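Thanks for coming. I have one model to show today, and I will keep to what can be read from its coordinates.

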Amino acid sequence: MARNVLGKHLALVGFMGAGKSTLGPRLAERLGRAFSSVDAVVEERFGTSIAELFETRGETAFRELEETAARDVLSRRPPAVVELGGGALGSTGTRDALAEHAFTLRLDVEPDEAWQRVADSGRPLARDREAFLALYDERAPLYDHAADASARDLKGALLAAAAIRFGSHADTGGDAVVADARAADAHRIAASELVDSKTLAEAERLWDALRIDRSSTLVAVGGGTTTDLVGFVAATYMRGIDWIAVPSTLVGQVDASIGGKVGIDTPQGKNLVGAFHWPVATVIDTSLLETLPEEERRNGLAEVVKTGLLAGESYWELDTEEMVRSCAAFKAAVCLRDPYEAGDRAQLNLGHTFGHALEAASGYTISHGHAVALGLLAALRLSGLEDDARVVQNVLEPAPVAVDRDRAWAALQRDKKALAGRTRLVLLERPGEPHVTSEVEPERVRAALDTLIA
Ligand SMILES: NC(=O)c1ccc[n+]([C@@H]2O[C@H](COP(=O)([O-])OP(=O)(O)OC[C@H]3O[C@@H](n4cnc5c(N)ncnc54)[C@H](O)[C@@H]3O)[C@@H](O)[C@H]2O)c1
Ligand SMILES: [Zn+2]
């Protein structure tokens with residue numbers, strides 16, 4: 001069974017009328033992949049429509065052509081989003097090819113809704129309602145069996161593709177639980193080990209204390225500190241064991257537990273030692289957030305606003321569940337598109353170049369969320385988006401910070417994202433359209449930084 005879509009085709013399966021052909025291309029675009037439809041491949045090969053092939057050759061012959069096309073498409077590289085026809089899973093050959101090459105996502109639809117969508121479509125198997133509903137029941141177990149996950153919409157599909165699911169922290173499974181001390185206390189979580197910092201000493205303690213072997217699955221319940229640390233322990237122990245992230249902070253649920261980056265802080269700096277090691281699952285339980293201190297909620301809200309600006313949607317106005325779902329799906333898509341941070345993922349640094357400089361200049365006494373909120377203001381102003389800057393000001397209300405201006409400027413220039421002496425910044429053409437640039441004159445960057453300092 002494929003855990004997520006990394007290195008695999010994303011195969012969309014499901015009944016006629018589930019919306020595969022509408023969702024497929026949108027999903028492909030979000031994952032930065034090509035889209036291909038097995039039906040379309042067959043039609044192209046034979047220069048005629050599926051309905052026509054059904055009529056002239058009969059269903060059995062059509063299924064053979066379909067299987068050949070499916071196996072062919074699924075054996076190609078690079079991984080794409082592949083839509084399979086509603087009946088394709090009847091073939092063992094196709095099911096084997098899916099198991100070998102794909103993360104198979106079942107797109108769910110209620111039978112009546114499916115019928116309404118396809119009743120007048122002229123599809124060969126959608127001419128009679130009773131027969132259509134009987135076929136639905138007949139095929140349902142095939143989809144169940146072949147699918148690695150299921151979804152109903154684009155966000156659901158992106159979350160599933162990254163192995164993120166919403167559910168209770170209590171039904172996670174796994175062999176050993178490492179939890180944040182406060183989260184464990186507040187939610188009566190039975191943990192093998194409690195942690196509250198991501199240092200090498202903590203990693204060493206866990207390597208030693210946990211009764212784990214190569215086949216164990218570690219569970220991390222906590223904020224980014226815990227998931228980064230436990231993910232790092234999992235990445236390194238016996239050269240990598242499975243782990244499950246159960247984020248308990250807003251930062252964790254919308255950001256830190258998604259995308260596979262794990263690591264520890266060292267005396268030389270934050271997150272300098274780490275790895276890419278995707279959790280086999282991320283389980284998001286928003287009820288864990290009920291005990292989160294206000295300051296931590298605000299840290300998370302800054303990342304929510306950042307994500308909303310990148311997506312071009314006001315995610316911060318949504319209720320908690322939908323807000324987390326939207327942000328998590330957005331980050332999942334960016335990270336699946338760029339799993340090892342070779343390009344696209346840079347956009348996630350919106351506001352962070354300024355934010356990191358302010359944090360460093362304060363000697364890490366100001367909160368990350370406060371620093372990022374200010375950083376977003378600077379990025380929006382440099383983008384010429386004054387109205388959006390006002391929105392951020394109203395939502396996050398970040399007060400300017402009292403830090404040394406020269407120290408902040410020096411920190412900003414040292415930022416690890418600097419290229420050939422010029423600071424690389426993420427700016428927005430407009431909300432929803434980020435771009436990375438090294439073209440902004442240093443004087444303007446410094447002026448924008450200065451406006452954030454009291
Ligand atoms: N890997 C990534 O992609 C990524 C992305 C963003 C941030 N991070 C990392 O995440 C870390 C910050 O994570 P964070 O903001 O989640 O902070 P955190 O994990 O340090 O938790 C913040 C505070 O909240 C407490 N807490 C956690 N869950 C709680 C709960 N449910 N109820 C009450 N209190 C709770 C913790 O004990 C702690 O005091 C940083 O180290 C950062 O580098 C990693
Ligand atoms: Zn951040």
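First, the conventions. Residues are numbered from 1 along each chain as its sequence is written, and chains are lettered from A and ligands numbered from 1 in the order in which they are written. This is a predicted model, so to speak of a local feature I need pLDDT of at least 70, and side-chain atom pairs count only at pLDDT 80 or more, while totals for chains, interfaces and linings use all residues. Helices (H or I, at least four residues) and strands (E, at least two) are DSSP runs numbered from the N terminus.

Domains, then. The assignment gives domain 1 as 9-153, domain 2 as 169-292 and domain 3 as 344-450; such bounds come from an automatic or database domain assignment. Between the C-alpha centres of domain 1 and domain 3 there are 46 Å.

Next, the sheet. It is open, has 6 strands with parallel pairing, and runs in the order β6-β13-β10-β9-β7-β8. The edges are β6 (164-166) and β8 (193-195); each has a single partner strand, so one side of each has no neighbour in the sheet. From one strand to the next the twist averages 20°, with axes fitted to C-alpha atoms and angles taken from 0 to 180 degrees between N-to-C directions. Two strands count as paired if DSSP finds at least two bridges between them. β10 (residues 242-247) and β13 (residues 281-284) are parallel over 2 bridges, and I244 stands opposite A281 in β13.

Now ligand 1. How many residues surround ligand 1? There are 27, and the closest are G223, G224, T225, T249 and V251. A residue is in this shell if its C-beta atom, placed from the backbone, lies within 6 Å of the ligand. At least two shell residues come from each of α9 (181-187), α11 (224-236), α12 (250-256), β12 (269-276) and α13 (294-311). By class, the shell has 6 nonpolar, 12 polar and 9 charged residues. Here Ala, Val, Leu, Ile, Met, Phe, Trp, Tyr, Cys and Pro are nonpolar, Asp, Glu, Lys and Arg are charged, and the others, Gly among them, are polar.

Strand β12 also holds N271, a residue other than glycine with a positive phi, near 55°. N271 counts as partly exposed because it has 16 C-beta neighbours inside 10 Å. The cut-offs are 20 or more other C-beta atoms within 10 Å for buried, 12 or fewer for exposed, and partly exposed in between, with C-beta atoms placed from the backbone.

On to helix α16, residues 368-382. Its 15 residues should span 21 Å at 1.5 Å a residue, and the end C-alpha atoms are 21 Å apart, which agrees; the expected span is 1.5 Å times one less than the number of residues. In α16, 13 of the 15 residues are buried. G384 follows α16 and has a positive phi, near 75°.

Further along, E397 sits in the loop between α17 (386-396) and α18 (405-414). Its phi is also positive, near 45°. E397 is exposed, with 10 other C-beta atoms within 10 Å.

The hairpin is made of β14 and β15, with 2 residues between them, and G432 in the turn has a positive phi of about 95°. β14 (residues 425-430) and β15 (residues 433-437) are antiparallel over 5 bridges, with L425 opposite T437.

Last, the peptide bond from R77 to P78 is cis, with omega near -5°. P78 lies in the loop between α4 (59-75) and β3 (81-83).
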